[in-house]
Amino acid sequence: MIATIGFFDGVHIGHCHLIKMLKKVARERGVKSCVITFDRHPRQVVQPEWCPEMLTTLEEKKQLLEATGIDRCEVLHFDREMANQSARDFMLHTLKERLGVSILATGYDNRFGHNRSEGFDDYVRYGKEIGIEVIRGDELTDGSNNVSSSSIRRMLKEGRIEDATRCLGHEYTITGTVVAGEHIGRTIGFPTANIRPNDSNKLIPEKGVYAVDVWSENEDFSSRRAMLNIGTRPTFDGKATTIEVHIPHFEGNLYGKTLTIAFIKKTRDERKFDSPEALVEQLNKDLINIEQ
């Protein structure tokens, strides 16, 4: 079996570039392909105060990895014991003995093992000692910037949705439950569903108004274009940040239902309007903009 290992947050085009190579070698060698990942970000264990927000939940990541056409996706439990394991011990006991890996494909800058202190040449040497061939994927770049999960997180935090989509190779999504809000939108003719993300570790893009596609996990409706606001509703002196989606021409009851939001583009920044009437005027313009 040929395998690659990593956290694969977002399963972006760089990850898919490596997986494409993995599948190609698997076909040429007549072996199965496997992606090995973890159930939590390693920093949640070794450096929880610096753990990044996630692009994908574990279930989302598994679905995206399986959609690449690999033969197997193996999820390892990452704990303190694994964090303290050397790269050589990990290769011997987990990859070779437990999983039966005979070929290891690494990303061009991928490191694993205690403190990530060893690199590709070390993995090659250990592989020769324990019977694992180690090969290296080449770098994929997006223009002048390396495609990485961290760079995509920055794009989303800056509201650069279309750049993030290009680097992900798919739209960024958030899944959440519809909870009760303050019903302000309904009073001005723009009823909204207030979304509480199902995973508190999931990254929330920059505040502002977005064109999104939304669909119901409960099959209340299929994918529809909608308008989403992330912010504090400054026109009404709001304090807490909310995620609210207005679905044009939808009149059903969504409380307690699960919605998935796919980000298409950011249409404008959040700002305070002089009056509710001025806000409504802008929202009508926003509705036109989300369809373009």
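I'll start with the aromatic cluster, which is made up of Tyr172, Tyr210 and Phe263. Keep in mind that this is a predicted model.

Now the pairs. A pair of aromatic rings is described by the distance of the centres and the angle of the planes. Searching the whole structure gives three aromatic pairs. I'll go through two of them.

Take phenylalanine 38 and phenylalanine 78. Their ring centres are 5.3 Å apart and the planes meet at 80 degrees, so this pair is edge-to-face. Phenylalanine 38 belongs to strand E2, residues 33-38, while phenylalanine 78 sits in the loop between strand E3 (72-76) and helix H4 (80-83), so the contact ties together parts 40 residues apart in sequence. Both phenylalanine 38 and phenylalanine 78 are buried.

Tyrosine 172 and phenylalanine 263 form a tilted pair, with 6.1 Å centre to centre and 40 degrees between the planes. Where do these two residues lie? Tyrosine 172 is in the loop between helix H8 (161-168) and strand E8 (173-179), and phenylalanine 263 is in strand E13, residues 258-268, so this pair ties together parts 91 residues apart in sequence. Tyrosine 172 and phenylalanine 263 are buried as well.

Lysine 61 lies over the face of phenylalanine 7, at 3.6 Å from the ring centre.

Last, helix H5, residues 87-98. Which of its residues are buried? They are Ala87, Phe90, Met91, Leu92, Thr94 and Leu95. Just after H5 comes glycine 100, with a positive phi of about 75 degrees.

Definitions and conventions
Residues are numbered from 1 along each chain as its sequence is written. This is a predicted model: local features need pLDDT of at least 70, side-chain atom pairs count only at pLDDT 80 or more; totals for chains, interfaces and linings use all residues. Side-chain values use heavy atoms; hydrogens and water are left out. Rings of Phe, Tyr and Trp (its six-membered ring) pair if their centres lie within 6.5 Å; planes under 30 degrees apart count as stacked, over 60 as edge-to-face and the rest as tilted. Helices (H or I, at least four residues) and strands (E, at least two) are DSSP runs, numbered from the N terminus. Buried means under 20% relative accessible area, exposed over 50%, partly exposed in between (1.4 Å probe, protein chains only). A charge sits over a ring if NZ of Lys or CZ of Arg is within 6 Å of the ring centre and within 35 degrees of the ring normal.
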